Every structure is written in structure tokens, then in C-alpha cells.
Amino acid sequence: MVMARKKVKLVYITKDSARKAAFKKRKKGLMKKVSELSTLCGIDACAILYSPYDSQSEVWPSPLGVQRVLAHFKNMPEMEQSKKMINQESFLRQRIAKGNERLKKQGTDNREKEITRVMFQSLTGEDLQHLNIVDLNDLDWMIDQNLTKINKRIESLNKEAQSQAAAAAAATAAAGQLISKNGGKMPEGKTAFDTMDAIQRQQWFVDLVNPNEQMGFAGYDMMLPFGDANQNAIWPNGFFP
């Protein structure tokens, strides 16, 4: 079983021994990463480290290599030098900005879940007197969003029904033509099923094994206030789940 690594808090380590141990460990990791970046990507890179634990600075890959990279950097135009430059302050500002974005997104998600719960509670008859104007506006927005999704789904189902009806009519017409050509009889060895194409046969089989039945959910007696006069709603006797 692999244990998850504990996330390190980016704060100054006050304990001297722990700070020194962390420096040695991370210095080694930093040098390794710079080496890997230079080797794998074929770029010029260098590292210079000063610390109170060493009398001399530590460089990578070598003093000559560092001088070569710095000379190349200084020969660049000033605008190019600072184009992607970052210091600790700007790095921390970026992290704070990203943290605020994540916090805002999480707050939005939590608010949406909260209002969704209120919406379903209101459908069961719960009083809304405890909600303030902000809550009611958010609830109104949430209901509009769900109504839009419902209307789109109804429109999609109606189109599917029209398409299936047109396919059935075409199959019926094809069967009628065969019967007419055969003197008012179905050709020998043929049935109306044979006149259907593959898609129509598949839909016919699905309708055969899954007949429309009343669907409901026990425990609630609330009737949904929608459905057409031809009983073509998704749930002929719908109940709030």
C-alpha cells in the first residue's frame, strides 16, 4: 500500500536542525531537476546557491558553465530579460491568485448545491419564508436553468417521436405497396416485419420487451403539474422522486 505524501506548508522553518535538513534535501533535488531539464530538453541552465551552511557558493554545472549562461542572458535585450522573470514575491502572488480562484469556484459549487437542495425541498411543500432576497434570486435562477434543460429534453423527445412515427409510416407504406403489387396479399414468405429496415426493427424489438408502464416513486403523493392531454409525458402519472 502506497502512502500519500503529506503536503508541505510553505512557511519558514523555525527549528535550526529541521531547516538545515530540509535545505540539504531540497538542494540535492533542485540540482537534479536542473540537470534533468538541461539534458532532456537541450537547454542552457545553471544554478547558484548561497547558504549559511556552506562557506562557498554551490553552482551547477560548473563555474565556467554558469558564466556562459549568464553572459548569454546579459546579451539579450532588456525587455526579453524581464519578460518571463519571476521572483519570490510574484511567485507568491500567483499562488495566492490561483488559490482565490479555486476558493471562488468551490464557493460557487457549494452555493449551487445549497440552492438545489432548497429547490427540491420547496417542491415537497416546505415553507420559503426563511429565505432572504439573495436566496430567492438564486433559487429563481436555478429553477430557470432546470426549466431550460427540461424544455430542451422535451423538444428532443418530440423530435425522436416524430422521426419514429415517420419511419413507421414509411414501413406501413412499403408494406402496402408490396401487398398491392401482389394482388392484395403479402408476398409468400414475407411479413410486415420484413419490410422494416434495421433501425425500425431494433426500435420495434425494444418497444416489445419494454412496454410503457406507469412509473412512480413510493412515499410521495404529489402529482407533477405537467403532462399533455394525450398522455404522452415521460411519466404518465409522475411523482416527485
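## Close-up views of a predicted model

View 1. Helix α1 is followed by Gly42, a residue whose phi is positive, near 65°. Most residues other than glycine have a negative phi.

**View 2. Helix α1 along its length, from residue 16 to residue 41.** The helix has 26 residues, and the distance from its first C-alpha to its last reaches 37 Å, which is close to the 38 Å expected at 1.5 Å a residue. Which residues of α1 are buried? They are Lys27, Met31, Val34 and Ser38, and the buried residues of this helix pack against the strands β1 (47-49) and β2.

**View 3. The peptide bond between Trp60 and Pro61.** This bond is cis, with an omega of about 5°, and Pro61 itself is found in the loop between β2 (58-60) and α2 (63-74).

**View 4. A nonpolar patch on the surface, formed by Leu10, Ile86, Phe91, Leu92 and Ile96.** Together these residues have about 480 Å² of accessible area. Leu10 has its place in the segment before α1. Is Leu10 buried or exposed? Because its relative accessibility is 62%, and exposed residues are those over 50%, Leu10 counts as exposed.

View 5. Of the 241 residues in the protein, buried residues make up 11%. The protein exposes about 20600 Å², and carbon and sulfur atoms supply 57% of this area. Among contacts between residues at least 6 apart in sequence, 35% join residues at least 24 apart.

**View 6. Confidence along the chain, with attention to residues 213-241.** The mean pLDDT of the protein is 78, and 71% of its residues reach 70 or more. Over residues 213-241, however, the pLDDT is below 50, although this stretch has 29 contacts in the model beyond near neighbours in sequence.

Terms used
Residues numbered from 1 in each chain as written. Predicted model: local features only at pLDDT ≥ 70, side-chain atom pairs only at ≥ 80, totals over all residues. Heavy atoms only, no water. Helix = DSSP H or I, 4+ residues; strand = E, 2+ residues; numbered from the N terminus. Expected span 1.5 Å × (residues − 1). Buried < 20%, exposed > 50% of the residue type's maximum accessible area, 1.4 Å probe, protein only. Contact = heavy atoms within 4.5 Å. pLDDT = per-residue confidence, 0-100. Areas by Shrake-Rupley, 256 points an atom, 1.4 Å probe, with all protein chains shown as cover. Patch = residues over 30% accessible without salt bridge, like charges linked within 9 Å, V, L, I, M, F, W, Y side chains within 5 Å. Salt bridge = Lys/Arg side-chain N within 4 Å of Asp/Glu carboxyl O.
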